[in-house]
Amino acid sequence: MSKLSDHIDLVTIADLVENRVAPKLRTESMAHISNCSPCAEKLRKLGDVVRLMQTDRTEDAPRDVVAYAMSIFSGRAKSPGQSLKRRILAALSFDSMNQAPAFGLRSAQTGTRQLIYSAEENDIDLRITLHEDMWVVAGQVLREECAGGSVEIEGLSGSAAATLNDMCEFTLPGVPPGNYLLRVHMSDVEVELPQLELTA
Ligand SMILES: [Zn+2]
């Protein structure tokens, strides 16, 4: 028996909407959804999306229903006809704060925290420095070419944006302490990092 805290993930909800779920899982999922308003709301919204895409004949419907749904739930919905860039959620693969004391000491001395994120062909190297009470996030997208690319950071306490240079490097203007989302926009792909906690 599933607990109320085990919400139905978006992939399963998408499968439910498109009728691709085995009967047993469907029964279990619907039992949860009937008692859980957040999941019921997701099912309803995603159902709307899928119906819209099915009735929209002007252009090919976005193939990735889940990515499309994520963009809706993060409040950045696009109209169903618009084509979607591929969206990658980056995963943290290195954090200098979690390293052995020798390295930690070295990074404490320079005052710069290094974070490396894996995102398929778009790994990202971040350097975070506290400068006069403002957090400065700089970094590099580790790929060959990123013409026209940009980076934005967004949180309740502030936001900033910067473009990528020829080396795919960027330096964002300083932002006040807080929790932030950082996104990298490139011509073919959008990379989103897990929440960044910028606190002393
Ligand atoms: Zn739920």
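**Reading the model**

Mentor: In helix H1 (residues 10-17), the buried residues are Thr12, Ile13, Ala14, Leu16 and Val17. A residue is buried if 20 or more other C-beta atoms lie within 10 Å of its own, exposed if 12 or fewer, and partly exposed in between, with the C-beta atoms placed from the backbone. Helices (H or I, at least four residues) and strands (E, at least two) are DSSP runs, numbered from the N terminus. This is a predicted model, in which local features need pLDDT of at least 70 and side-chain atom pairs count only at pLDDT 80 or more, while totals for chains, interfaces and linings use all residues. Residues are numbered from 1 along each chain as its sequence is written.

Trainee: Which residue follows H1 with a positive phi?
Mentor: Most residues other than glycine have a negative phi. The residue after H1 has a positive phi, near 60°, and is Asn19.

Trainee: In which part of the protein is confidence lowest?
Mentor: Confidence here is pLDDT, the predictor's own value for each residue, from 0 to 100. The protein has a mean pLDDT of 80, and 75% of its residues reach 70 or more. Over residues 103-107 pLDDT stays under 50, and where pLDDT is low, the predicted coordinates should not be read in detail. The highest mean, 96, is in E8, whereas the lowest, 51, belongs to helix H5 (residues 101-110).

Trainee: In what order do the five strands of the open sheet lie?
Mentor: Two strands pair if DSSP finds at least two bridges between them. Strand E2 (91-95) and strand E8 (169-171) stand at the edges with a single partner strand each, so one side of each has no neighbour in the sheet. The pairing is antiparallel, and the order is E2-E3-E4-E5-E8.

Trainee: How many bridges join E4 to E5?
Mentor: E3 and E4 pair in the antiparallel sense over six bridges, with Thr112 standing opposite Thr129 in E4. Thr129 also has a bridge partner in E5, namely Val136. E4 and E5 likewise run antiparallel, and the number of bridges that join them is nine.

Trainee: How many other C-beta atoms lie within 10 Å of Leu126?
Mentor: Leu126 lies in strand E4, where Leu115 stands opposite Leu126. Not counting residues up to four places away in sequence, Leu126 touches Gln114, Leu115, Val137 and Gly139, a contact being two C-beta atoms, placed from the backbone, within 7 Å. Leu126 counts as buried because the number of other C-beta atoms within 10 Å is 23.

Trainee: Which residues of the largest nonpolar core touch the most other members?
Mentor: A nonpolar core is a set of buried Ala, Val, Leu, Ile, Met, Phe, Trp, Tyr and Cys residues joined through C-beta atoms within 7 Å. The contacts of Ile124, leaving aside neighbours within four places in sequence, include Ala90, Tyr117, Val184 and Leu193. Of the 26 residues in the largest core, those that touch the most other members are Ile124, Ile153 and Leu182.

Trainee: How many residues does the second, separate core have?
Mentor: In soluble globular proteins, nonpolar side chains tend to be buried together. Among the members of the second core are Ile13, Leu16, Val17 and Ile33, and its number of residues is 10.

Trainee: What share of the residues of the protein count as buried?
Mentor: The protein has five helices and 11 strands. Of its 200 residues, the share that count as buried is 24%.
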